[in-house]
Amino acid sequence: MDTRPVPAASASLGERAKRHVRHFLADFAALEREYPAGYPKMIVRGEGAYVFDADDHRLLDAGSHLGACQIGHGRREVADRIAEQVRQLEFIALDAGVSHPYVVELAERLAAIVACDDPVFSFTNSGSESNELAFKIARTYHARRGEPSRTKVISRLGSYHGSSIAASAATGVDAFKTGFGPLAPDFLHTTPPTRSPFGHREETATAELSLADLEAMIEREGPETVAAIIAEPIAIPGAVKIPHSGYFAGLRKLCDAHGILLIIDEVVCGFGRTGRMFGADHFDVRGDIVTYAKGLTSGYIPMGAVAVSGRVNEVFLKTPLLHLNTYAGHPVACASALAALDVMEAENLVDHAAVMEQVLRDELNRMSQSVQRVRDISVIGLLSSVISDISDVEDPDATIRKVRKDAYDAGLLVRIARDGTNMSAHFYPALVVGQRDIEDGVRGLETALRQV
């Protein structure tokens, strides 16, 4: 355990944080009215699946990591690998014929496991950047093949693909892209696959209906104008949405029939989160372009990646893609990713996540019997959501703040959000959790939800 001193959680420190740092989903004015001097909570260290605040309050981190924590906090193996890399070579750009062995090692390691044929990798700093680059690659691919009119990208309603201008345009949730002025043009949204109740994966006509809507859109727009379709294996805005088993086979067939590239967004699902190494593995589908981030380094260093199939990459062999990224393939990020992959393999964390799925499902089902507001549960691997009915709540935003605080007080960091009359709790801890961790965490969530 790291015994170095940590900053004191003084009121002045909190005020400095509020004054100088933009935080996500934090209405500090409302928090100050409701919980004077209570926020921000200052997290000072992490250990395994848990983090600790400045008052040494221990919390299961089941969402505050935003899906980036696969191998747990505070892994000395990763810290040592990062420190060694900094001493060896802290940075060199992949520019003008210069490379380095660490990015080669990472690319070869990934090539053996990703759901993309004969992949060539571009490295980025985030999931937003990965998807942004995927769109550029898809449009350039068609242009170089003599089809410059193929510029449209189709995504699904209820999706999330990032916060940049183009990634926001692709995102299928209005709240993430309103108020910023014009977004990138030529982004369209189609019907998502309907998921079955309580997260069971089964074949039904709903997959065919959503694909029929997509095909109608393609015909209406003209296949010769569509560059790519982007889809997350499991989308999570509003709820964890597991598609029926035939959906991706139909999506792949539709793309091939119309010469459209399939971009698979693995930013959240990748690297064991769903109980398989990648979310696409559940559906036996391979992408023409696949994007990654978050679990690639388990959050230790910011890094993303884009895998492009060998077939797609052929158009870039004679004339490389003109795309600049200062920190692409950063040596320290590569070291972090390699160390995280070593831990995942050595501890069989992907298989462990698959085993823990049933524990998490059982606990959430138990909770649903005691909390009357719960209307839906969805679980795949260690990615889950609980949807509660708040249609009769007078002040939904205040209720959400209260649920977050009550969960925090009960030892749980969990993502709580609102979608109309629904309140969602996304519960997705590090893959190192055991049965007791899950049981205790769900009890903390149950305590918070019962207060509504």
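1. A salt bridge here is a side-chain nitrogen of Lys or Arg within 4 Å of a carboxyl oxygen of Asp or Glu. By this rule the count is 29 salt bridges.

2. This is a predicted model: local features need pLDDT of at least 70, side-chain atom pairs count only at pLDDT 80 or more, and totals for chains, interfaces and linings use all residues. Residues are numbered from 1 along each chain as its sequence is written, and side-chain values use heavy atoms, with hydrogens and water left out.

3. Look at D342 and R81. Their side chains meet in a salt bridge (3.4 Å, N to O). The pair links distant parts of the chain: D342 sits in helix 10 (residues 331-346), R81 in helix 3, and they are 261 residues apart. Helices are DSSP runs of H or I, at least four residues, numbered from the N terminus.

4. How exposed is D342? D342 counts as partly exposed, at 34% relative accessibility. R81 is partly exposed too, at 24%. Buried means under 20% relative accessible area, exposed over 50%, and partly exposed in between (1.4 Å probe, protein chains only).

5. D440 forms a salt bridge with R436, with the closest N and O atoms 3.2 Å apart. Both lie in helix 13 (residues 435-450); being four residues apart, they are separated by about one helical turn. D440 is partly exposed at 32%, while R436 is exposed at 59%. Elsewhere, salt bridges that share partners join R81, E105, R109, D342 and E345 into one network.

6. One further pair: the side chains of E147 and R145 meet in a salt bridge (3.6 Å, N to O). E147 is partly exposed at 24% relative accessibility, and R145 is partly exposed at 45%.

Terms used: Helices (H or I, at least four residues) and strands (E, at least two) are DSSP runs, numbered from the N terminus.
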